[in-house]
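Work through the exercises below with the sequence and the structure side by side. Each task is followed by a solution that goes step by step.

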Amino acid sequence: MAASVAPAPSLKFSLLPSQGSNLVATCGLSWRQQERRSRRMAGRVAITSKLELKPPPYPMDALEPHMSKETFEYHWGKHHRAYVDNLNKQIDGTDFENMSLGDVVVVTYNKGDVLPAFNNAAQAWNHEFFWESMKPGGGGKPSGELLKLIERDFGSFEKFVQEFKAAASTQFGSGWAWLVYKANRLDVENAVNPIPSEEDKKLVVVKSPNAVNPLVWDYDPLLTIDVWEHAYYLDFQNRRPDYISTFMEKLVSWEAVNARLEAAKARASKREEEDEMKKREEGDIGDSQPVEMYVDGDGQDDDSDD
Ligand SMILES: [Fe+2]
């Protein structure tokens, strides 16, 4: 007996929310919801989420002599704190309160026509990522698959370092330099990919102005350096190249980069599976043919406990 089953309804995909959620999962950063607070307003309880200023993953003097405690206290304690405090004020009582920080960054980028909360949201995200890109006793050279990919995509580790340093030192004014995993297609609807290429699944160095970060281009950030002047002026004055060299040679946490690479690859694989499933569904719908399901016997469920 053959039974005709109508095609499954088309799934509607909303790019930005799902994209943002994946990104947040990839980067291991989440909206700090521990500090939920209840407020009694006009007889009703309103629940709000608040972004917390996460402490650095090491003591403030742990990166000395390469990054001074004084720099850290100003950079984390004043600059990073201000981004978080200002963002909390900007999104208080809005829908953004219930979104992950990564989602807020991507949505407020708004295809380059940024919304007011973008700068504080992106800077909050960037700084947390930056602190976790370093560790006491860092620097040196990565190993394993990360090193192999660097050698494959840049020619050698030394050439990668050269390219990363060049990006960081030539970013005009304030901004960031990044090592990213590029697994995306050309147009992610939120912004035109700045490095058009048919080649996916590769490591790329990019730089970004002001608060912009690679989440908005759908890249997976693996490593970043803050090249705003506040990041290095107390220790290096205007010698940005010396700060960049010190970061690469003494501070980079390759363990963090490696963990982020693993997460990025997992996200890429998951997205490929979802894309494949979507293509199959669209193909089924596109030929307008009903899907036939063949059922043995009289169609009753043999596994029924009735
Ligand atoms: Fe900074």
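For the first exercise a sorting of residues is needed: Ala, Val, Leu, Ile, Met, Phe, Trp, Tyr, Cys and Pro count as nonpolar, Asp, Glu, Lys and Arg as charged, and the others, Gly among them, as polar. Keep in mind throughout that this is a predicted model.

**Exercise 1. The cavity**

Task: Find which residues line the largest cavity, and sort them by class.

Solution: Begin with the idea that rolling a probe the size of a water molecule over the atoms shows where empty space is left. The count comes to 1 cavity of 30 Å³ or more, and the volume of the largest cavity is about 30 Å³. Next, list its lining, which is made up of Leu 51, Glu 52, Leu 53, Lys 54, His 80, Val 84, Leu 101, Ala 124 and Glu 128. Helix 2 (69–91) and helix 4 (118–131) are the elements that give two or more residues to this lining. Finally, sorting by class gives 5 nonpolar, 1 polar and 3 charged residues.

**Exercise 2. The iron site**

Task: Identify the protein donors of the iron ion, and state which geometry their angles give.

Solution: First, pick out the donors, which are His 75 (NE2), His 127 (NE2), Asp 226 (OD) and His 230 (NE2), at 1.9 to 2.1 Å from the iron ion. Second, consider the angles among the 4 donor atoms, which run from 88 to 133°; four donors count as tetrahedral if all angles lie between 85 and 135 degrees, and the site is therefore tetrahedral. Third, read the donor residues along the sequence, where their spacing is H-x51-H-x98-D-x3-H. Within this set, His 127 in helix 4 and Asp 226 in strand 6 (residues 220–226) link distant parts of the chain, being 99 residues apart. Last, His 127 counts as buried because its relative accessibility is 0%, and Asp 226 is buried, with a relative accessible area of 0%.

**Exercise 3. A covered strand**

Task: Decide whether the residues of strand 4 are buried or exposed, and find which strands pair with strand 4.

Solution: Turning to the partners, strand 4 pairs with strand 5 (residues 202–209) in the antiparallel sense over 8 bridges, and Tyr 181 has Leu 203 in strand 5 as its bridge partner. Strand 4 also runs antiparallel to strand 6, to which 6 bridges join it, and here Trp 178 stands opposite Thr 224.

Notes. Residues are numbered from 1 along each chain as its sequence is written. This is a predicted model: local features need pLDDT of at least 70, side-chain atom pairs count only at pLDDT 80 or more; totals for chains, interfaces and linings use all residues. Side-chain values use heavy atoms; hydrogens and water are left out. On a 1 Å grid over the protein atoms alone, a cavity is a set of points where a 1.4 Å probe fits but cannot get out, and a pocket is an open set with protein on both sides within 12 Å along at least five of seven lines; lining residues have an atom within 4 Å of a point. Grid points are joined across faces, edges and corners, and a volume is the space filled by probe spheres set on the points. Helices (H or I, at least four residues) and strands (E, at least two) are DSSP runs, numbered from the N terminus. Donors are N, O and S atoms within 2.8 Å of the metal (3.2 Å for Na, K and Ca); water is not among the atoms, so sites may look incomplete. Four donors count as tetrahedral if all angles lie between 85 and 135 degrees; four count as square planar and six as octahedral if opposite donors are over 155 degrees apart and all others between 65 and 115; anything else is irregular. Buried means under 20% relative accessible area, exposed over 50%, partly exposed in between (1.4 Å probe, protein chains only). Two strands pair if DSSP finds at least two bridges between them.
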